[in-house]
2 protein chains.
Amino acid sequence: MVTNKGLSVSKNQIQRLPMYLNHLKKLRDAGFTQISAPQVAKDLGLHVEKVKKDIALVSSSLGTPKSGRNIDDLIADITSFLNYDEITPAIIIGCGQLGRALLGYRGFDEYGLDIVAGFDINPELVGQDLFGKTIYALEDLPMIRKKYKVDIGIITVPGSAAQEAANALVDAGILAIWNFAPAHIQVADKIIVHDENMASSLAVLSHRLSAKMSSKK
Amino acid sequence: MVTNKGLSVSKNQIQRLPMYLNHLKKLRDAGFTQISAPQVAKDLGLHVEKVKKDIALVSSSLGTPKSGRNIDDLIADITSFLNYDEITPAIIIGCGQLGRALLGYRGFDEYGLDIVAGFDINPELVGQDLFGKTIYALEDLPMIRKKYKVDIGIITVPGSAAQEAANALVDAGILAIWNFAPAHIQVADKIIVHDENMASSLAVLSHRLSAKMSSKK
DNA sequence: TAGATTGTTAATCGATTAACAATC
DNA sequence: TAGATTGTTAATCGATTAACAATC
C-alpha cells in the first residue's frame, strides 16, 4: 500500500481523484470559489465520508468548518498529487481504430500524458503521421523509447498479438503497460500492467441491466 | 447484491468471468479438454481460492477432484451466465475517433453486443455508413431505439456534451448507459450508468509507476 | 449563538485469503 | 493407495459507512 502523509492511499481513492478534479474544474469555470465535501458528494453521488477522507488525503491545507475549501487550492493539490503537472511520455503499439482514437485524443494533455509515437507492423502505416505523431516500425521501439525516455507503453493490438507487443515493450525497457487488448499478457513481476478490459466493463453493465429487467417482471 | 444458485455474485467476480472465458477459449483452441482452478489461477496470476469460488458460482456441474472440469462445458456455462449467447443491441452517440473505434470493433460480437446504429450532431456525418452501420441525427434516436428494441446507449462525445447525450438517451427510453465521456452524468436513479473512465485508469497506472520509481531511489 | 462542516475514531460490511475435510 | 483438486467453512484484511467531538 502506498502512503501519503502517513495515511495509506487505496486504488479506489486514486480512481476517484480524477473525478473530483474534473468536477472541481467545472465548478471553478462556473465561477465558484469555495467547495465543501457534502457538495461534491451530492454532485457526484458519493457518500460524504468517502469524499471527506479522499480530500483530506491529498489536501495540503486544513479545511474550514462551515465553508470548506478554496476550489483553486484543492485543484492544485489534486493536480500535484496525480502528477498532472509533469509530462509523462508514452508510446502506443497498434495504430488501428482504437490506437488512432487514443493517439488523437487531446484530453490526455490534461492528465499529463503525452503519446509521443505510434508503432505498427503494417508497412503501409509505418512512416505516416497521424495527429502529428509519427508511426514507426516495431524495430525502432528501443530507439524511440530511449530518445523520449518513455516508461509507459500502451497496447492496442488485437488480442492475438498482445503478448508479442508486450514482449517488444519489455525488451525495449518499458516499465509499465496499459493494455487495451482483450488478452491476458504475461510479463516479469517488476513490470506494471494495467488492463483496460472492455469485456469486463460490459459484463458488469449487462449484468446490472439483466438483473434489473428480471426484477421488474 | 445479485444472486446465483443462492450465492451472491459480486461485481469483481463478474469482471473476472470474461477473463476466464477468454483464457479458456485459448486453451481449448490449443487442444486442451480439461481445466483445473489451480491451472487457471497460475495462468492468469490470481489466487486459487478466488478462481475456485468464481468457477463454482457459474458452473452447472460439480468439478472432479484431481482432474477439474471439461473446458467446453465450462465455456458454455460462463457464456450462458454472461448472456453472451443472446444478442444485445446498443446504439452509440458520438462518432468521433473513439466512437468509430467502438463501431468498428468486431470483438463485441463475441460478447453478444451489437451496435446497431451511430448518432452524431455533425450534419456531414449524418447519413454516412461506417463499418456497415448508419449514422443518424439525434432526432432519430427514439425511432431507432424502438425499431431495434435497444436498452443500452454508449456515450462517446466530448465531456462538455455528455450530459446532453445522456438526456437524449434517457428521453428516448434507454435503460443503461455506458459512458466513455470524461464527465459525470446525472440521470434518474433507475437508469444504470457505467463509467469507463480513462483518467481514473491512467491515474492508477501512473501512481503505481511513480511509487515504483521512488521506491527504487 | 446555532449550525454546517471539518477531521478522526469506531463499527460494519464485503471480499479475499487461509484452512480443511471429501473424493476421484 | 497417494496426492491433486474439489467444495466449503473460518479467519483476515481492507474499504466503506456511521458516529462524534471540535470549530469557524
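The model is predicted. Around DNA strand D there are 24 residues, and a search of the whole structure finds 12 aromatic pairs over all chains.

- The residues that come nearest to DNA strand D are N12(A), K53(A), K52(B), G63(B) and R69(B).
- Of the atoms of DNA strand D that come within 4 Å of the protein, 61% belong to sugar and phosphate.

**Polar contacts with DNA strand D**
- In the side chain of H47(A), an N or O atom is 3.4 Å from a phosphate oxygen.
- K66(B) uses a polar backbone atom, which is 3.1 Å from a sugar or linking oxygen.

**Aromatic pairs**
- F119(A) and Y136(A) form a tilted pair, with 5.8 Å between centres and 35° between planes.
- This pair links strand β6 to strand β8 of chain A, across 17 residues.
- F119(A) is buried at 0% relative accessible area, and Y136(A) is also buried, at 18%.
- The ring planes of F108(B) and W178(B) lie at 65°, which is over 60 degrees, so this pair counts as edge-to-face.
- F108(B) is buried at 2% relative accessible area, and W178(B) is buried at 0%.
- In chain A, ring pairs link Y84(A), Y105(A), F108(A), Y111(A), W178(A) and F180(A) into a cluster.

Technical notes. Residues numbered from 1 in each chain as written. Chains lettered and ligands numbered in written order. Predicted model: local features only at pLDDT ≥ 70, side-chain atom pairs only at ≥ 80, totals over all residues. Heavy atoms only, no water. Near = heavy atom within 4 Å. Polar contact = N/O pair within 3.5 Å; in protein donor to acceptor, adjacent residues only side chain to side chain. Phe/Tyr/Trp six-rings, centres within 6.5 Å; stacked < 30°, edge-to-face > 60°. Helix = DSSP H or I, 4+ residues; strand = E, 2+ residues; numbered from the N terminus. Buried < 20%, exposed > 50% of the residue type's maximum accessible area, 1.4 Å probe, protein only.
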